[in-house]
Amino acid sequence: MTDTTVTPFPTGFLWGGATAANQVEGAFDEGGKGLSVQDVMPRGIVAPRTAEPTPDNLKHEAIDFYHRYAEDIALFAEMGFSVYRFSIAWSRIFPNGDETEPNEEGLAFYDRVLDELEKHGIEPLVTISHYETPLHLAETYDGWVSRDLIGFYERYARVLLERYGSRVTYWLTFNEINSLLHAPFMSGGINTPREELGEQALYQAMHHELVASARVTRLAHEIAPQARIGCMVLSMPIYPLTASPDDALAVMASDHANLVYGDVHTRGHYPGYFLRTLREKGIELDITDQDRDDLTNTVDFVSFSYYMSIAETAGEREVGEGNIMGGVENPTLDKSEWGWAIDPVGLRLVLNQFWDRWQKPLFIVENGLGARDELVEVDGVKTVVDDYRISYLNDHLVQVGEAVLDGVEVLGYTAWGCIDIVSASTAQLSKRYGFIYVDRNDDGSGSLARHRKKSFDWYSEVIRTNGASLAR
Ligand code: BGP
């Protein structure tokens, strides 16, 4: 038996898993839902959008969480989850995004999801916008390039806060808000093709999202005073490729480009290095006095995804694969089957960096290994012997424990894709992250049956012992 008294994780640490609506729900045209940008992205971000929804889009049915949420949440409860992160599909609530009245059927669906979570004593962690901008807003307004989006988003968030504010404590405004410049259509609903999109428009879109996030933070504090509002950023520790000062400077520049979002969310204004970037690029943002005032509404905590680290150099850059922004390859690290560098220590570094920089509680809301799984039968039961996933998660969680010992305040950890889902970058089902295997293949075939993987029992034990069972 594990000695459950020896653990760095504080009492009340939230353990769970995370998903996003467009990657799990399916039912893309049911319940009055409108189309979102995802409905025209059958290949994820690796190919341009299609003109219309096409039948080969796996997200249209995804893993059918829309109809199977009760069964799935029961499995999460069986693992002992104390928190479940999910997103609300904006186009279920406002099918076009610019209506004045919400779609009641969409709201009722999330009532049912919250009922189910409550039944099992699982804390909801809600992402308001996770790469799911209503398609109409993309096509009619060019997404977040338009200032109008601030008002539409605020109206949508107000509806959620008024409806669910008394039941949901933890809210995230935008998933990976710092991915906007890298994936403008998916992240910001910006329909103008990348090649035609100027930096002026992109940075203006970034400003609009930051203002919207701050306005909704204020709104949440008014409507639901007990709620805690967080921003969500894609974290990416960056190492100098060599010890040369020029490489260190290149790291600083790259870091600044990623960290500015967290800086604004926690400090309430743009940092000097960012204003310099704008000046040097010749960009003049439209920032009103009201915007400046809005931005002072800072977040209660910072949440982030962590999958990998990168290197940076002032010399020749050999760019590898990676989570949305990619980066210079680090020759010292192994990679996943999709080329993402595996670096548990990077998670401890990023936790310390964020804590030192922002002094806000941190929430790790995405982390995990996308891998191909093989369904086998062990003692007559279908399962996946995913020792590689166990080892990835174990090593990362050990580093979270180290960061806690370093004095970092960590609220919780939600493993990404706790049940197999459709990948965001490649739209594949074969890139699996889950503790629960879903019988669905890249060609759309499969029964959608759920099977517990070996990691299911492993994670249950980690949660039961509050991290004491981790192999150090
Ligand atoms: C993040 C996104 C998620 C998610 C994850 C894994 O960038 O917030 O939506 O999917 O990455 O990425 P992928 O699905 O591409 O493996």
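Mentor: A salt bridge here is a side-chain nitrogen of Lys or Arg within 4 Å of a carboxyl oxygen of Asp or Glu. This is a predicted model, in which local features need pLDDT of at least 70 and side-chain atom pairs count only at pLDDT 80 or more, while totals for chains, interfaces and linings use all residues. Residues are numbered from 1 along each chain as its sequence is written, and side-chain values use heavy atoms, with hydrogens and water left out.

Trainee: How many salt bridges does a search of the whole structure find?

Mentor: One of them joins the side chains of R92 and E25, at 2.7 Å from N to O. Another is formed by D420 with K453, whose closest N and O atoms are 2.8 Å apart. The search of the whole structure gives a total of 37.

Trainee: Is D420 buried or exposed?

Mentor: Buried means under 20% relative accessible area, exposed over 50%, and partly exposed in between (1.4 Å probe, protein chains only). The relative accessibility of D420 is 0%, so D420 counts as buried.

Trainee: At which residue does α2 bend?

Mentor: Helices are DSSP runs (H or I, at least four residues), numbered from the N terminus. The bend at a residue is the angle between axes fitted to the seven residues ending there and the seven starting there. For α2 this angle is about 35°, and the residue is E71.

Notes: Helices (H or I, at least four residues) and strands (E, at least two) are DSSP runs, numbered from the N terminus.
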